[in-house]
Amino acid sequence: MTKQEFLNALTEKLKGLPKNEIEERLAFYSEMIDDRVEEGLLEEDAVKDIGSVEDVASQIISEIPFFKIVKNKIKPKREIGGWEIALLVIGSPIWLSLLIGAFAIIIALYASIFAIVVSLWAVFAGEVGCVIGGILGAPLSFIAGNVAGGLLLLAGGLICIGLAILTFYACKIATKGLVKLVKLLGIAIKKLFIKKEKTV
């Protein structure tokens with residue numbers, strides 16, 4: 001893929017973003033390709049080193065704040081007429097409730113995902129508490145003369161050490177997955193707002 005083909009494809013993927021953002025990113029990648037060509041790479045190799053158009057576009061979309069995308073999308077392209085304002089006001093009970101419902105669904109989705117990870121970390125904290133209680137409680141039971149109880153506490157504490165280690169790794173993996181999922185959801189939501197407008 002040549003530099004111009006790459007830039008054209010990237011422009012197509014970024015349609016719907018604010019124009020100044022698109023121009024800034026295109027200038028950045030154009031300069032990056034030029035720098036690599038000056039270092040001795042062929043133009044096609046320089047473009048290949050940057051990555052696929054889809055990956056670059058996703059990276060750009062993830063870096064642009066959501067409010068900028070929405071602001072660009074809702075900014076009227078022309079002056080709104082009086083009858084359009086009247087229709088917006090009359091239709092507000094419908095479109096406003098749909099908008100609030102969509103926002104509530106997004107918030108609930110994020111809250112549910114976070115709740116799962118927080119619950120896993122709470123289980124880990126509980127297991128650590130059991131380890132501390134079991135290991136500290138065992139000597140006290142031995143001192144009190146309750147050997148069977150002390151052995152039971154010690155065994156429970158040792159079992160909880162193993163469970164805590166396993167749970168820690170599960171929590172770590174879940175947290176990394178959550179961060180990745182939230183990022184992907186954010187990009188997907190942004191892409192909904194920057195869908196290409198149909199040209200008439």
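1. R25 and E21 sit together in helix α2, 4 residues apart, or about one turn of the helix, and they form a salt bridge whose closest N and O atoms are 3.4 Å apart. The term salt bridge stands here for a side-chain nitrogen of Lys or Arg within 4 Å of a carboxyl oxygen of Asp or Glu. Both R25 and E21 are buried, where buried means under 20% relative accessible area, exposed over 50%, and partly exposed in between, with a 1.4 Å probe and protein chains only.

2. The model is predicted, so local features need pLDDT of at least 70 and side-chain atom pairs count only at pLDDT 80 or more, whereas totals for chains, interfaces and linings use all residues. Residues are numbered from 1 along each chain as its sequence is written, and side-chain values use heavy atoms, with hydrogens and water left out.

3. The secondary structure of the protein comes to 7 helices and 0 strands, the elements running α-α-α-α-α-α-α from the N terminus on. Helices (H or I, at least four residues) and strands (E, at least two) are DSSP runs, numbered from the N terminus. Of the 200 residues of the protein, 26% count as buried.

4. The axes of helix α1 (residues 3-13) and α2 come within 11 Å and cross at roughly 160 degrees, and α1 and α2 are therefore roughly antiparallel to each other. Axes are lines fitted to C-alpha atoms, for helices over the stretch in contact, and angles run from 0 to 180 degrees between N-to-C directions; those under 35 degrees count as roughly parallel, over 145 as roughly antiparallel, 65 to 115 as roughly perpendicular and the rest as oblique. The crossing of α1 and α2 is right-handed, a crossing being left-handed if the near helix is turned anticlockwise from the far one by less than a right angle, and right-handed if clockwise.

5. For helix α2 (residues 19-38) and helix α3 (residues 43-50), the axes come within 9 Å and cross at roughly 125 degrees, which makes α2 oblique to α3. This crossing of α2 and α3 is right-handed. A salt bridge joins R36 to D49, with the closest N and O atoms 3.9 Å apart; R36 lies in helix α2 and D49 in helix α3, so the pair ties together parts that are 13 residues apart in sequence. R36 counts as partly exposed at 24% relative accessibility, as does D49 at 49%.

6. The structure holds 4 salt bridges, and among them is that of K13 with E54, whose closest N and O atoms are 2.9 Å apart. Because K13 lies in helix α1 and E54 in helix α4, this pair ties together parts that are 41 residues apart in sequence. K13 is partly exposed at 40% relative accessibility, and E54 is partly exposed with a relative accessible area of 34%. S52, in the loop between α3 and α4 (53-63), has its C-alpha atom 9.5 Å from that of L10, 42 residues away along the chain.

7. A nonpolar surface patch of about 940 Å² has W121, F142 and Y169 among its residues; α6 (82-143) and α7 (147-193) are the elements that give two or more residues to the patch, and the largest share, 8 residues, comes from α7. Patches are made of residues with over 30% relative accessible area and no salt bridge, like charges being joined within 9 Å and nonpolar side chains (Val, Leu, Ile, Met, Phe, Trp, Tyr) within 5 Å, and accessible areas come from the Shrake-Rupley method with a 1.4 Å probe, only the protein chains shown counting as cover for residues. W121 has its place in helix α6 and counts as partly exposed at 31% relative accessibility.
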